[in-house]
Amino acid sequence: MRAVECGACGNRVLCEKFSPAHTAVQWTEEAAAVCPSIAERVAAGEPSARVRVCAALRDSIDAAVAAGDLEVTGAW
């Protein structure tokens, strides 16, 4: 897994891309505590475990792939 930093909030997660559609994300801290987008949804009553994506983080992961910083392994 490789570290990817969110371009919006600076949070760092560990990622692995198995295919263009399959991304594994491991949060290094509690997502609702470090991601403003997820925190907003949790504050509105949504359980953090059900918040599957932050658009800014997804964009950052896609940018890391495009830049060659995160490889699509095809291992899945």
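How many bridges join strand 2 to strand 3? The legends below begin with that pair.

**View 1. Strand 2 and strand 3 form an antiparallel pair.** Five bridges join strand 2 (residues 12-17) to strand 3. Two strands count as paired if DSSP finds at least two bridges between them. A hairpin of five residues connects strand 2 to strand 3. Leu14 stands opposite Gln26 in strand 3. This is a predicted model: local features need pLDDT of at least 70, side-chain atom pairs count only at pLDDT 80 or more, and totals for chains, interfaces and linings use all residues. Residues are numbered from 1 along each chain as its sequence is written, and side-chain values use heavy atoms, with hydrogens and water left out.

**View 2. The chain follows the pattern β-β-β-α-α-α along the sequence.** The radius of gyration is 12 Å, close to the 11 Å that the globule rule gives for 76 residues, so the chain is as compact as a globular protein of that length. The radius is taken over C-alpha atoms, and the rule is 2.2 Å times the number of residues to the power 0.38. Three helices and three strands make up the elements. These are DSSP runs numbered from the N terminus: helices are H or I with at least four residues, strands E with at least two. The C-alpha atoms fill a box of roughly 35 × 25 × 20 Å along the principal axes.

**View 3. The largest pocket holds about 310 Å³ of space.** Of its 16 lining residues, the closest to the centre are Val25, Trp27, Val51, Arg52 and Val53. Strand 3 (23-27) and helix 3 each supply at least two lining residues. A pocket is an open set of points on a 1 Å grid where a 1.4 Å probe fits, with protein on both sides within 12 Å along at least five of seven lines; lining residues have an atom within 4 Å of a point. The volume is the space filled by probe spheres set on the points, which are joined across faces, edges and corners.

**View 4. Glu71 lies in the segment after helix 3.** Glu71 is exposed, with a relative accessible area of 60%. Exposed means over 50%, buried under 20%, and partly exposed in between (1.4 Å probe, protein chains only). Glu71 and Ala3 are 68 residues apart in sequence and 12 Å apart in space, C-alpha to C-alpha.

**View 5. Mean pLDDT of the chain is 91.** This score is the predictor's confidence in each residue, from 0 to 100. Helix 1 (residues 31-34) has the lowest mean among the elements, 85. Helix 3 (residues 55-67) has the highest, 96.
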